[in-house]
Amino acid sequence: MSIPQSGGGPIENFAQLAELLDSGSKPKSEWRIGTEHEKFGWLTDTRAPLPYAGDRSISALFAGLQSFGWTPVSEGDNIIGMTRRGANISLEPGGQFELSGAPLENLHQGAEELQNHLDEVRSIADPLGIKFMGIGAAPEWSSETMPVMPKGRYRLMTDYMGRVGTHGTQMMYRTCTVQVNLDYASEVDMVKKLRVALALQPVATALFASSPFFDGKPNGHKSWRSRIWRGLDNARTGMLPFAFDQGFGFQQYVDWVLDAPMYFVYRDGKYINALGQSFRDFLNGKLPALPGEKPTLSDWADHMTTVFPEARVKKYIEMRGADCGDQAHIDALPAFWVGLMYDDAALDAAWDLVKGFDADTREGLRINASVSALQAEANGVKLLDLARAAVGLSHAGLAARGLDEQRYLAPLVQNLATEKTQADRWLDLYNGAWGKNLTPIYEASSL
């Protein structure tokens, strides 16, 4: 989840909303890679989720990380995150420990950043009997056992999610993802990248599927995390079929975000309840939560973080379709998308792969990828074939960068060779060596 945005004065005209997105455009020489991943902390003696406070807790980890130069970020009396040299550590609602990496030039720097982060966290966590799982959904913990982080944004969202959809609180408290944030050169470049990102997001869902268990048993899906996003809140999620309409651009994306009901307004360190209210009313000074007040650009930036499509536009594009996994898969996620997005030939070829898909095919692949991963298909499109083609293009795109980054695709190449994902391998173990006992998955998924 995003931290409150800052900067930007009052919104004086409607055009500023799209201009904020356009301001993210930058030349290829300035494109960067920002990887984020979430992970579940657990206590090794009880396998209970990591609480916020106490001797063995998130607070204890935050205290220890300060010795590595991390600066605390507080909300009220509670530390709710940390920052260091362009990177952030933040908390998801159920205590998922998230690293939002700094904008980096290449995948080697990203892999080094991840290794350094895990080394630092382990040096504090190991003596306390704390470990972390790289997995898409909590395999056993119930909603009642999950800790609740002391963040005002999450208190508002929890109430609202329970009223507008079927799986919102499961998403908030019991899932983990890995995503990458990538740049665009212009509006035209953003449109092409967003379309490819949306159409190929089911491939990422399949290749990174690692959430076949929930509530202590198999859930019938390879990526339950992906299933949870369907029906969560249709006003702010999904595959954005309008992004494929002729004439789509920054303004059309802005119009969609404006139609998403608000969650909050952030003022003076507090979240003001604006649940279900309209940002359009806010622009006109008619927001019930703040009568007579008009928004700032930081309010708009905050509101853009409350929509959750499979690929999201801010001043960059976020790829949001993958479960978190082991360290190699965390490194592989940015590699997959960088190879496709940051090489012109690969991007053009990727668009050729998917430009014939209609909205029903794209949505069908999304749905079936959550159920069957690489065995999914929709309207005659076999996801395994599409994944092989996409990974091949990504490999070529990375090779063209000339930095020997294609090695990070290794776990995806292995998944395709065996036609099995992490979810498939864990299901095989569950039904075989584990004797339908999920206790081993804590160590098996340990980061």
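View 1. A polar atom of the Asn-106 side chain lies 2.9 Å from the backbone nitrogen of Gln-109. The backbone nitrogen of His-108 is 3.0 Å from a polar atom of that side chain. Both pairs can be read against the definition of a polar contact: N or O atoms within 3.5 Å where, within protein, one must be able to donate a hydrogen and the other to accept it, and residues adjacent in sequence count only if both atoms are side-chain atoms. Please keep in mind that this is a predicted model, in which local features need pLDDT of at least 70 and side-chain atom pairs count only at pLDDT 80 or more, while totals for chains, interfaces and linings use all residues. Side-chain values use heavy atoms, leaving out hydrogens and water, and residues are numbered from 1 along each chain as its sequence is written.

View 2. Asn-106 sits in the loop between β5 (97–100) and α3 (107–128); helices (H or I, at least four residues) and strands (E, at least two) are DSSP runs, numbered from the N terminus. Why does Asn-106 count as buried? Because its relative accessibility is 15%, and buried means under 20% relative accessible area, with exposed over 50% and partly exposed in between (1.4 Å probe, protein chains only). Leaving aside residues up to four places away in sequence, Asn-106 touches Ile-33, Arg-401, Leu-403 and Glu-405, where contact means heavy atoms within 4.5 Å.

**View 3. Strand β1, covered on both faces.** In β1 (residues 33–43), 11 of the 11 residues are buried. One side carries Ile-33, Thr-35, His-37, Lys-39, Gly-41 and Leu-43, and the other carries Gly-34, Glu-36, Glu-38, Phe-40 and Trp-42.

**View 4. The strand partners of β1.** Two strands pair if DSSP finds at least two bridges between them. With β7 (residues 177–182), β1 pairs in the antiparallel sense over five bridges, and here Ile-33 stands opposite Leu-182. The antiparallel pairing of β1 with β5 runs over four bridges; His-37 has Leu-99 as its bridge partner in β5. β6 (residues 130–133) also pairs with β1 in the antiparallel sense, over four bridges, and Lys-131 in β6 stands opposite Trp-42.

**View 5. The hairpin of β2 and β3.** Five bridges join β2 (residues 71–75) and β3 (residues 78–84) in an antiparallel pair. Pro-72 stands opposite Met-82 in β3. Two residues lie between the strands of this hairpin, and Gly-76 in the turn has a positive phi of about 65°.
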